[in-house]
Amino acid sequence: MADTTKILNCPACGKEMTKIFMASEGVNLDVCLDGCGGILFDNRELKKFDEQSENIDELKQAMQGKNFEKTDENQIRICPVCGANMVKNSVSVKGDVIIDECYSCGAKFFDHGELTKMREEYPTEEDRRQALLTETYNEIGAKIDDLELKNNMNLAKRSKFLKAMDKLFYKDVS
Ligand SMILES: [Zn+2]
Ligand SMILES: [Zn+2]
């Protein structure tokens with residue numbers, strides 16, 4: 001996984017990434033300090049740093065005052081850990097934080113600024129999960145309402161039809 005001593009090349013700009021030791025969690029993160037400022041996590045690592053209360057001081061310190069290269073975020077990126085193509089995935093309900101994920105080894109690449117943006121949107125991982133669930137539910141809810149409406153319209157049509165039938169067969173029905 002990403003947390004090894006192997007030097008990785010940045011999937012966005014190709015520069016060698018720097019290991020930053022995060023003392024609070026005892027893991028090394030791969031950060032593109034000399035290039036675009038991107039950060040590579042493995043699945044397990046991201047969980048430790050995706051909430052507002054989780055300490056990323058070492059990361060902030062290392063990146064402070066640096067000018068990072070701009071990269072083309074639409075480009076398909078290759079996972080520097082295992083070589084598979086990475087997939088663009090939203091980690092935000094509003095859909096404005098799109099990261100690159102490797103489905104093969106679980107690595108996740110955040111362009112410069114994306115981690116902060118994701119952390120700012122929701123205070124905790126649970127809040128983010130809830131928001132995503134609510135969003136999904138709302139979408140499905142809208143579809144269900146739509147179906148019910150159609151169903152009610154069908155019922156209304158059918159009752160008109162039944163009344164018409166009643167009139168045909170029973171003379172004393174108004
Ligand atoms: Zn880079
Ligand atoms: Zn990979």
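Reader: In which strand is the place of Leu 29?

Author: Happy to start there, with the reminder that this is a predicted model. Strand E2 covers residues 27–31. The place of Leu 29 is in strand E2.

Reader: Is Leu 29 buried or exposed?

Author: A residue is buried if 20 or more other C-beta atoms lie within 10 Å of its own. Leu 29 has 26 C-beta neighbours inside 10 Å, so Leu 29 counts as buried.

Reader: Which residues does Leu 29 touch, leaving aside those up to four places away in sequence?

Author: Let's go along the sequence. Among the partners are Ile 20 and Met 22, and strand E1 spans 18–22. Strand E3 takes in residues 39–41, and Ile 39 and Phe 41 are also touched by Leu 29.

Reader: How do E1 and E2 pair, and over how many bridges?

Author: One pair of residues to look for is Phe 21, which stands opposite Asn 28 in E2. The hairpin of E1 and E2 has 4 residues between the strands, and Gly 26 takes a positive phi near 65° there. E1 and E2 pair in the antiparallel sense, over 5 bridges.

Reader: What is the order of the strands in the open sheet?

Author: The sheet is formed by 6 strands with antiparallel pairing. Its edge strands are E1 (18–22) and E4 (87–90), each pairing on one side only. From one strand to the next the twist averages 35°. Reading across, the order is E1-E2-E3-E6-E5-E4.

Reader: Which residue stands opposite Lys 108 in E6?

Author: Strand E6 holds residues 108–110 and pairs with strand E3, residues 39–41, in the antiparallel sense over 3 bridges. The residue that stands opposite Lys 108 is Phe 41.

Reader: What pattern does the protein chain follow along the sequence?

Author: The protein chain has 4 helices and 6 strands. One of the helices is H2 (57–63), and the loop between H2 and E4 holds Ile 76. Read along the sequence, the pattern is β-β-β-α-α-β-β-β-α-α.

Reader: How many Å apart are the C-alpha centres of domain 1 and domain 2?

Author: The protein chain is divided into domain 1 (18–122) and domain 2 (124–174). In the contact between them, 5 residues of domain 1 meet 7 residues of domain 2. On the side of domain 1 that touches domain 2, there are 2 nonpolar, no polar and 3 charged residues. The C-alpha centres of the two domains lie apart by 45 Å.

Reader: What radius of gyration does the protein chain have?

Author: The C-alpha atoms fill a box of roughly 90 × 30 × 25 Å along the principal axes. A compact globule of 174 residues would have a radius of gyration near 16 Å, but the protein chain has 26 Å.

Reader: What percentage of the residues in the protein chain is buried?

Author: Leu 29 is one of the buried residues, whereas Ile 76 is exposed. Of the 174 residues in the protein chain, the buried share is 25%.

Conventions:
Residues are numbered from 1 along each chain as its sequence is written. Chains are lettered from A and ligands numbered from 1 in the order in which they are written. This is a predicted model: local features need pLDDT of at least 70, side-chain atom pairs count only at pLDDT 80 or more; totals for chains, interfaces and linings use all residues. Two strands pair if DSSP finds at least two bridges between them. Helices (H or I, at least four residues) and strands (E, at least two) are DSSP runs, numbered from the N terminus. Axes are lines fitted to C-alpha atoms, for helices over the stretch in contact, and angles run from 0 to 180 degrees between N-to-C directions. Domain bounds come from an automatic or database domain assignment. Two residues are in contact if their C-beta atoms, placed from the backbone, lie within 7 Å. Ala, Val, Leu, Ile, Met, Phe, Trp, Tyr, Cys and Pro count as nonpolar, Asp, Glu, Lys and Arg as charged, and the others, Gly among them, as polar. The radius of gyration is taken over C-alpha atoms; the globule rule is 2.2 Å times the number of residues to the power 0.38. A residue is buried if 20 or more other C-beta atoms lie within 10 Å of its own, exposed if 12 or fewer, and partly exposed in between; C-beta atoms are placed from the backbone.
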